[in-house]
Amino acid sequence: MGRALGLGIGLLFLIVTAMPMAYGDPAIGSNKPLNLTVAEQDLVARIDYNHAWSQLEYLSTLGEKTAGSDEERRAQEYVHGELLKMPMDEVWWETFRVSNWEHFGTTVKIVSNDYEDIPATTYGDSPSIWGANDGAPYFLGNEDGGKTLVADVADVGYGTNAEFDAVGNLDGAIALVHRDDNTQGWPNVPASDAYYHGASAIMMYGYYFGADMPEGIKQDSVFSKIPAISISPNSAARIQELLAEGPVTLEIKGEANTYSSAESVNVAAVLLGTTKADEYIVISGHIDTWWAGSFDDCSSIAIMLEMARMFSEARSSGEYVNERTLVFCSMGSEETGGPDGTWFNWLVGSYEFVCAHPTILEGLVMELNIDGGSFPKTGGKVWFEISCEVNGFVKSAISDLGYLNILNIYNPVWSWTDAWSFAAKGGGTAVEMFWGSGFDPYYHTQLDTIEIQSEDMMGMVLEMTALMAFRSVNALVLPLDFVPACDWAARYLAKERPMVPSQREGIDGALASLAEFEAMMVQVNAYAAELEEMYASARSPAKKATVLALADELNHAIIDARRIFIPYSMGEGGMMASWEPFLRPHQHATDYSAVSAAILALENDQPNSAVVALELVRSMEWGMYCSREAYVEVFAQMMDCFMYWGDDFDQAQDYVDIQGVYLGLKDGSVSAEDALAQLVFVRDNQLEPWFAEDVLTLEREYMNACVPLEGVLS
């Protein structure tokens with residue numbers, strides 16, 4: 001986010017895979033140079049690109065498939081039916097509870113301009129003008145019995161508190177706000193401020209600077225007390241043009257219902273391994289979409305289905321043997337679906353899958369998660385987000401398929417996709433594919449349709465997925481190298497040492513444990529190479545069996561160590577809860593450093609410098625722009641880790657509330673003395689103990705991760 005690859009146990013397979021091809025031959029479907037064995041080339045040649053594309057075309061016609069909706073279920077029924085047609089050992093249909101949000105169209109008209117139409121939708125998990133919550137009706141309009149809202153528009157810029165205050169009490173007006181996630185963190189922040197400033201609804205457009213698609217109407221899960229309507233930047237510009245001439249009145253109609261006990265589905269198919277059935281390679285994507293979602297994520301389900309067809313038919317024909325078990329998954333409820341009362345309402349289906357299948361996680365070799373696999377590359381790189389320990393393995397596949405100038409990797413796995421559930425929550429290794437350069441403006445808009453997808457890009461993702469699955473399923477020793485993962489953790493701890501000088505002893509303890517784990521992993525790599533050499537030179541079945549037994553013992557030890565190292569290393573937090581992955585104690589270190597700088601400034605009678613320092617506290621990246629009322633509301637949501645994946649392993653980083661001090665120093669309502677006392681309390685009673693606990697956890701768990709390795713290295 002390793003390197004030693006096995007040659008398989010069948011004699012024929014051993015002979016075939018030992019025959020590498022030279023660079024310069026065309027890659028199947030890509031016109032790129034490749035360096036594949038004959039067996040690998042034969043497998044890639046089995047990819048039916050046209051069939052995969054036809055699957056994408058069909059899935060793109062199924063409409064918006066929100067978590068727990070009839071549309072999501074019908075799409076999963078289709079996937080289930082396709083998998084049942086294949087020569088699989090098992091096909092699973094697994095239901096789980098979600099919250100469902102369902103809307104029935106939103107119309108916006110400019111009443112003051114001959115009822116000019118404005119294309120729009122209601123933001124997910126927000127009320128529209130009317131509807132019901134678990135059968136309890138609500139009516140937020142002011143006409144037609146509350147089913148229609150007619151109100152003037154007030155342009156509130158980017159929806160900061162200063163801009164709301166400049167407009168004054170909205171007194172039932174509709175707040176027009178330019179969404180900018182780099183300022184607001186998430187649209188629920190300006191939605192909350194709109195509510196507290198008296199708006200009857202909020203109407204947002206855009207995404208963030210550089211990613212505003214002129215005709216794009218964004219869709220996302222937004223927690224809002226008032227109707228949250230999404231329109232395009234072009235529509236907003238039209239309204240602003242009319243506002244320059246005088247008042248603009250809008251008429252908004254729309255219905256949205258929520259159900260706290262809906263049902264979503266995960267679908268999976270299994271090809272049982274021949275000799276290592278308790279070790280697993282998972283290939284997955286998610287079925288639910290905003291709008292049609294051709295790239296995000298119909299393309300991934302189409303690719304997963306093609307992988308399932310290709311591997312199952314190759315095995316059925318007797319031309320392929322999978323020693324490890326292959327699992328092909330269509331996950332439900334990735335975009336949203338978490339129960340009421342939790343901020344962490346995405347990745348629901350994959351988290352449910354991880355919880356429902358502990359055996360898979362106990363033997364997980366690798367999860368190949370696809371989240372978008374068909375958007376054209378419009379410049380720059382196409383990105384993998386992967387676990388550090390699989391860097392070498394992925395780079396090798398990129399190189400051998402001739403995609404070095406196109407693909408690049410980013411560590412570690414981020415918390416935006418189902419890969420997070422398998423890695424951070426399941427303790428596994430995950431490869432997250434792909435994010436095409438230039439897609440952000442189309443992301444979660446009505447423009448993510450089949451027309452903008454690329455057959456070449458889809459072909460590349462098919463080839464990469466097939467090759468990595470092929471290489472991992474029969475590898476003698478797991479293709480994992482934890483030295484880069486250890487170096488990743490060590491870099492964070494080195495940064496944190498000067499940030500929290502009072503805890504250097506604890507940091508040094510964590511570094512010492514990490515160094516011991518890394519030293520063992522260096523020995524593991526050497527031992528793996530030795531086993532590869534022993535297996536290649538073995539001439540008798542008995543000798544091969546002996547090496548296989550040793551390799552199996554080593555593989556189980558690596559998996560057991562990884563299931564400790566990965567989840568206890570990973571922390572999640574950032575600008576807003578779980579926006580960013582990093583080493584477990586890092587957010588507490590950066591916040592400690594910022595608060596300490598503010599304390600020093602106040603001690604030196606420099607309140608303005610203290611204000612600037614406090615802006616570096618993570619929750620203040622958005623908190624500096626909103627009202628106290630909105631901040632308290634959103635802060636409470638972020639701190640609520642109820643259920644699902646926010647609180648496992650205590651990975652969710654706590655936040656400190658220093659916004660009251662910040663605002664008080666800015667407007668003079670809090671004295672420097674009181675601010676100093678409050679900040680010292682936050683530093684000494686929250687941030688420092690939190691950080692100390694985190695580094696002690698790392699020290700303990702890195703030592704625990706050594707234990708499974710000691711037996712095989714002794």
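Colleague: Which residues touch the most other members in the largest nonpolar core?
Modeller: Phe384 and Met464, in a core of 181 residues. A nonpolar core here is a set of buried Ala, Val, Leu, Ile, Met, Phe, Trp, Tyr and Cys residues joined through side-chain atoms within 4.5 Å, and buried means under 20% relative accessible area with a 1.4 Å probe, protein chains only. Bear in mind that this is a predicted model: local features need pLDDT of at least 70, side-chain atom pairs count only at pLDDT 80 or more, and totals for chains, interfaces and linings use all residues. Residues are numbered from 1 along each chain as its sequence is written, and side-chain values use heavy atoms, with hydrogens and water left out.
Colleague: And which helix gives the most to this core?
Modeller: Helix α23, residues 672-713, with 13 residues. Helices are DSSP runs of H or I, at least four residues, numbered from the N terminus.
Colleague: Back to Phe384, what does this residue touch?
Modeller: Leaving out residues up to four places away in sequence, its contacts (heavy atoms within 4.5 Å) include Val394, Ile398, Tyr410, Phe434, Met464 and Met468.
Colleague: What does a second, separate core include?
Modeller: Val153, Ile174, Ala201 and Met203 are among its 21 residues.
Colleague: New topic: how much of the chain is buried?
Modeller: Buried residues are 60% of the 714.
Colleague: What box do the C-alpha atoms fill?
Modeller: Roughly 85 × 60 × 45 Å, along the principal axes.

Technical notes: Buried < 20%, exposed > 50% of the residue type's maximum accessible area, 1.4 Å probe, protein only. Helix = DSSP H or I, 4+ residues; strand = E, 2+ residues; numbered from the N terminus.
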